[in-house]
Amino acid sequence: MEQALKGMKVLDLSQVLAGPYCTMVLADMGADVIKVEKYPTGDDTRSMGPYINEESYMYMMVNRNKRGICLNLKTELGLEVLYKLIKEADVFIENYRPGVTKKLGIDYDTLKAINPALIYCSISGYGQTGPYKDKGGYDIMAQGLSGLINMTGEKGGKPVKVGIAIHDIAAAQTAIQSILSAYIYRLKKGTGQYIDVSLVDSGLAWTVWEAAAYFGKGEVPQRNGTAHRVSAPYQGYKTQDGFILIGAGNQKLWEKFCLHVVRKPEWLTDERFLTNSIRAINASQLEVEIEEVLSSHPSSYWLELLDAGGVPSGPIYSYDQTLNDEHILSRDMILDYEHPVAGAMKTLGFPAKFSKTPGQFRTAAPLLGQHNKEILTELGYTEDEVQTLMSDKVMNG
């Protein structure tokens, strides 16, 4: 099948998660992504386990469908190779702090002079401007600055980090949509541009309902467990043998829940639970009463009854249960493939299902410097010149 981004050439100088996730998605959609790794150790995730035959599973998860080259950019010859790649590229992505790119000779002004149509995307913790621009920043620091950690966890408990690197992924998604927008503009106008993406900004932009509460009423979001801030019942509830999620988020669903699931018609006239807003205010009292009813039967009983009653609900899975759920498997969210060194592997599938231009798994993540010779040959280097670059420690051999 044809792929939407076939013909787009992306040069990826980023590492760890945000940048590589961004370029993985572009590669999944057909872009030719060349991953440029630092000499001689490569992407930092290569040093992170678990390992299969000495290959990092973390590295392999976010670098599929890419070609890889390992370059020493602290050498003139290494920069020369990079500049030749820049001339051919549509998109360039890096994740350095301000000042580092200029020192390395890969800042936007330098690369724009080589390729005026280049789309250059910087992904950093705090962005390229502002008081914190020179600070090092990982996902957890971004979660702290955005207020996310302080609004996550149980009431009265300690602040809790979100279970995944959510600001990294938010930055990756922001970079993807921004690059594609700039690419469309380039197709129309023929010019490139600079894109500044930060982990903090990207995650903060997702807190739209929390911002509405603060701007509208001055409310500062507090830790609330699984409960919703403005809707109830809409959270996790304890049953006889575990926990389930119930989302009766409007009046009609509330009525169905009372009449057809818990068989409590008297709740419909209880002054504490008359409207969604009132129920949200009294969510703790409602939780106690709901769990008293749910304690009489196991989770499976209630989930079946909730489905039959048309009330949104679901289990609270452990991750292994998620990856073995029949619905997840039916949606092709787990892919099997063969890695040249690690052997039989599994990875996550493509979340968007396209009818004409679907994401495709073409190649496993590259070994360190796997495509050195191939890429240099495309740039016009001879066999002897490639060997010289390797012997001069410009790239690995």
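This section describes the sheet, the nonpolar cores and the aromatic contacts of a predicted model.

The model contains an open sheet of six strands with parallel pairing, arranged in the order β5-β2-β1-β6-β7-β8. Strands β5 (66–71) and β8 (193–198) form the edges, each pairing on one side only. From one strand to the next, the twist averages 20°. Within this sheet, strand β1 (residues 9–12) runs parallel to strand β2 (residues 32–38), and four bridges join the two; K9 has D32 of β2 as its bridge partner. Helix α7 (residues 166–189) packs on the sheet, where contacts are made with β6 (91–94), β7 (119–124) and β8. The direction of α7 makes about 165° with that of β8.

In soluble globular proteins, nonpolar side chains tend to be buried together. The largest nonpolar core of the model comprises 31 residues. V10, C22, L26, I93, C121, I123 and I179 are the residues with the most contacts inside this core. At least two core residues are supplied by each of α1 (18–28), β6, β7, α7, β8 and α8 (199–204), and the contribution of α7, seven residues, is the greatest. The surroundings of C121 illustrate this arrangement: with neighbours within four places in sequence left aside, C121 is in contact with F92, I93, E94, A175, I179, I195 and V197. A second, separate core consists of 27 residues, among them L71, L111, V394 and M395.

Aromatic side chains form twelve pairs in the model. One of these, between W254 and F273, is edge-to-face, with 6.2 Å centre to centre and 70° between the planes. W254 belongs to helix α10 (residues 251–261), whereas F273 lies in the loop between α10 and α11 (276–281); the pair therefore ties together parts that are 19 residues apart in sequence. Both W254 and F273 are buried.

A further pair, formed by Y337 and F361, is tilted, with 4.6 Å centre to centre and 35° between the planes. This pair links distant parts of the chain, since Y337 is in strand β12 (residues 334–339) and F361 is in the loop between β13 (343–348) and α16 (372–378), 24 residues apart. Y337 is buried, its relative accessible area being 11%, whereas F361 is partly exposed, with a relative accessible area of 26%.

F92, Y108, Y120 and Y194 form one aromatic cluster.

Methods. Residues numbered from 1 in each chain as written. Predicted model: local features only at pLDDT ≥ 70, side-chain atom pairs only at ≥ 80, totals over all residues. Heavy atoms only, no water. Pairing = 2+ DSSP bridges. Axes fitted to C-alpha atoms, helices over the stretch in contact; angles between N-to-C directions. Contact = heavy atoms within 4.5 Å. Core = buried A, V, L, I, M, F, W, Y, C linked by side-chain atoms within 4.5 Å. Buried < 20%, exposed > 50% of the residue type's maximum accessible area, 1.4 Å probe, protein only. Phe/Tyr/Trp six-rings, centres within 6.5 Å; stacked < 30°, edge-to-face > 60°.
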